[in-house]
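User: Could you walk me through this structure? I'd like to start with what sits inside.

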Amino acid sequence: MTQKIALVTGATRGIGFETVRQLAAQDIHVILAARDRAKGTEAALKLQGEGFGVESVVLDVTDPASIASAVSEIERKHGHLDILINNAGIFIDATDKKPSEQSLETWRTTFETNVFGLVAVTQAFLPLLHKSAAGRIVNVSSALGSLTLLSDPASPIYNFKVPAYNVSKSAVNAWTVELAYELRESTIKVNAIHPGSVKTDMNAHGDLEIPEGAKTSVDLALIGADGPNGGFFHLGETVPW
Ligand code: NAP
């Protein structure tokens, strides 16, 4: 059997970096994508030093030229892609502002990375995923994108109103449903995941350690032909939309 090829965006640190490590530990050849070349090289070297088969590629999800160049490089080297983990994301809402007070700049910048960047990367890599026998796409969303939880006063996240980020993740969920419909007759499966509230640079007050936070991305990357398409998951449980 030939070795699977995976690509993880935003993989210099946090959940993305650990996702690369856990996929590589499954004997998958993992391409660690970083918007900054030096940071990507350093991160890949670290994992190579641990004995893992990892290479890096430059990929800024907001830069169409960078996306196109990453597609060409991966096509030239590997010819196809088996797993795409759309992990890159930003959280820049001002937490001291009311939902109606977030600046439009915050909304636009957040959507450029979390939504348009994710859609652009997916569109660009779909031809290579179609060349896989069983392509898998994992969209790293958040429970904060769940309209059900955010509108339920009994939910622990009811008061966590950071609208640009939350709505960007709701959009990722909605896009996952749209793409799953398109792919329903194909061998590709796409799902959204919530990694948990994970202790990273983005979330200093997270409950989970990073290895646990990467687990759901890895689980959904490794589903078989009988696995779900178009769902939203966290550690084996379904998350409400
Ligand atoms: P993090 O530690 O802040 O890491 C974010 C990663 O995204 C970094 O590698 C960063 O690269 C990269 N990135 C940002 N903008 C990018 C761009 N334009 N192009 C390419 N890469 C870009 O965050 P994290 O906590 O690991 O989050 C990973 C994912 O999980 C995100 O989608 C986040 O929304 C989601 N999530 C996290 C939590 C949590 O509790 N931590 C909860 C729910 C969902 P640089 O190093 O170059 O900045």
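User: Which residues have the most contacts inside the largest nonpolar core?

Analyst: This is a predicted model, and in it the largest nonpolar core has 29 residues, with L7, L59, L81, L84, F125, L129 and I137 having the most contacts inside it.

User: And which element gives the largest share of this core?

Analyst: That is α4, which supplies 7 residues; β1, β2, α3 (64–78), α4 (104–130) and α6 (163–182) each supply at least two.

User: What does F125 touch?

Analyst: Leaving aside residues up to four places away in sequence, F125 touches L7, L59, A70, V71, I74, L81 and L84. Apart from this core there is a second, separate one of 25 residues, and L23, L32, A44 and I83 are among them.

User: OK, over to β1: are I5, L7, A6 and V8 buried or exposed?

Analyst: All of them are buried, with I5 and L7 on one side of strand β1 (residues 5–8) and A6 and V8 on the other, so both faces of this strand are covered.

User: Which strands is β1 joined to?

Analyst: On the one hand, 4 bridges join β1 to strand β2 (residues 29–34), and these two run parallel, with I5 standing opposite H29 in β2. The chain gets from β1 to β2 through helix α1 (residues 14–24), and this β-α-β crossover is right-handed. On the other hand, 3 bridges join β1 to strand β4 (residues 83–86), again running parallel, and here L7 stands opposite L84 in β4.

User: Switching to pockets, how much space lies in the largest pocket?

Analyst: About 1200 Å³ of space lies in the largest pocket, and 46 residues line it, of which G89, F91, Y165, T200 and M202 lie nearest its centre.

User: Which element supplies the largest share of that lining?

Analyst: The largest share comes from α1, with 3 residues, while α1, β2, α4 and α6 each supply at least two residues of the lining.

User: Last one: where is T95 found, and why does T95 count as exposed?

Analyst: T95 is found in the loop between β4 and α4, and T95 counts as exposed because its relative accessibility is 60%, where exposed means over 50%. Although T95 and F160 are 65 residues apart in sequence, they are 8.9 Å apart in space, C-alpha to C-alpha.

Terms used. Residues are numbered from 1 along each chain as its sequence is written. This is a predicted model: local features need pLDDT of at least 70, side-chain atom pairs count only at pLDDT 80 or more; totals for chains, interfaces and linings use all residues. Side-chain values use heavy atoms; hydrogens and water are left out. Buried means under 20% relative accessible area, exposed over 50%, partly exposed in between (1.4 Å probe, protein chains only). Two strands pair if DSSP finds at least two bridges between them. A crossover is right-handed if, with the strands pointing away from the viewer, the path from the first strand over the helix to the second runs clockwise. A nonpolar core is a set of buried Ala, Val, Leu, Ile, Met, Phe, Trp, Tyr and Cys residues joined through side-chain atoms within 4.5 Å. Contact means heavy atoms within 4.5 Å. On a 1 Å grid over the protein atoms alone, a cavity is a set of points where a 1.4 Å probe fits but cannot get out, and a pocket is an open set with protein on both sides within 12 Å along at least five of seven lines; lining residues have an atom within 4 Å of a point. Grid points are joined across faces, edges and corners, and a volume is the space filled by probe spheres set on the points.
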